[in-house]
Amino acid sequence: MQKSEHLGPVVMISGANRGIGAEIAHHLGDLGYRLSLGARNEASLDAEHGACDDGRIHVRFDAFDRTSASTWVDKTVERFGGIDVLVNNAGNGEHVHLLDDDEDALDRLWTVNVKAPARLIRLCFPHLERSGRGRIVNIVSLSGKRVRNSLVGYNMTKFAMMGLHHTTRQVGWDKGIRATAICPSFVHTSMSAYTDKVRPEDMIQPETIAELVRTAIELPNNAAVAEMLVNCRLEDTL
């Protein structure tokens with residue numbers, strides 16, 4: 001096993017090549033965390049973060065390729081000796097409205113937003129348990145808490161991800177694993193570029209989400225936060 005001189009916790013982050021995932025990686029990397037970054041295209045990780053070093057590896061992770069998840073976990077453990085934190089950040093924001101007949105797009109949404117995170121949680125669980133204070137952060141959405149539009153594919157899968165999240169909390173608690181769901185409204189990334197409801201400068205900024213991730217994973221086991229609901233405009237029901 002190749003040892004790293006870095007001693008910070010080991011964090012796996014999916015979709016770390018851009019947007020929220022990239023910002024989480026930059027923030028935690030600056031703080032000394034050891035990073036295992038996953039994305040469909042390793043070259044995009046290199047372009048965003050530079051060459052790998054003792055404290056960071058880049059691994060191909062494709063939600064549509066089941067074997068890529070196990071390969072990513074294996075490479076992380078081989079490199080760093082364990083896993084302390086999993087950040088399920090990769091997501092699909094395709095627009096499928098209630099009256100659209102687009103089963104293929106619905107299948108893609110379920111695969112990326114629900115099945116792939118569930119697979120990573122299952123594969124990482126024994127390693128997180130061994131750490132004694134394993135952490136799982138699921139980047140979900142306020143669309144997993146309430147519905148304000150007709151985007152049924154996104155809304156359904158984000159509600160399902162919340163079901164996955166709370167099941168994870170139940171199963172992991174006695175094993176020292178704590179899970180937090182971060183549910184933001186519009187974040188200033190390419191996924192929110194379609195809307196004119198909020199100006200980009202008034203949206204939640206990716207670096208703010210990165211700071212919340214750090215908070216979630218650094219809290220002690222006896223101060224777990226199940227959900228963080230994050231908004232950039234007033235919603236009376238939240």
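Reader: Where is the place of D100?

Author: D100 sits in the loop between β4 (85–88) and α4 (103–131). Helices (H or I, at least four residues) and strands (E, at least two) are DSSP runs, numbered from the N terminus. The model is predicted: local features need pLDDT of at least 70, side-chain atom pairs count only at pLDDT 80 or more, and totals for chains, interfaces and linings use all residues. Residues are numbered from 1 along each chain as its sequence is written, and side-chain values use heavy atoms, leaving out hydrogens and water.

Reader: Why is D100 called partly exposed?

Author: Buried means under 20% relative accessible area, exposed over 50%, and partly exposed in between (1.4 Å probe, protein chains only). D100 has 37%, so D100 is partly exposed.

Reader: What makes R60 and D65 a salt bridge?

Author: The rule asks for a side-chain nitrogen of Lys or Arg within 4 Å of a carboxyl oxygen of Asp or Glu. The closest N and O atoms of R60 and D65 are 2.9 Å apart, so the pair qualifies. R60, at 33% relative accessibility, counts as partly exposed. D65, at 23%, does too.
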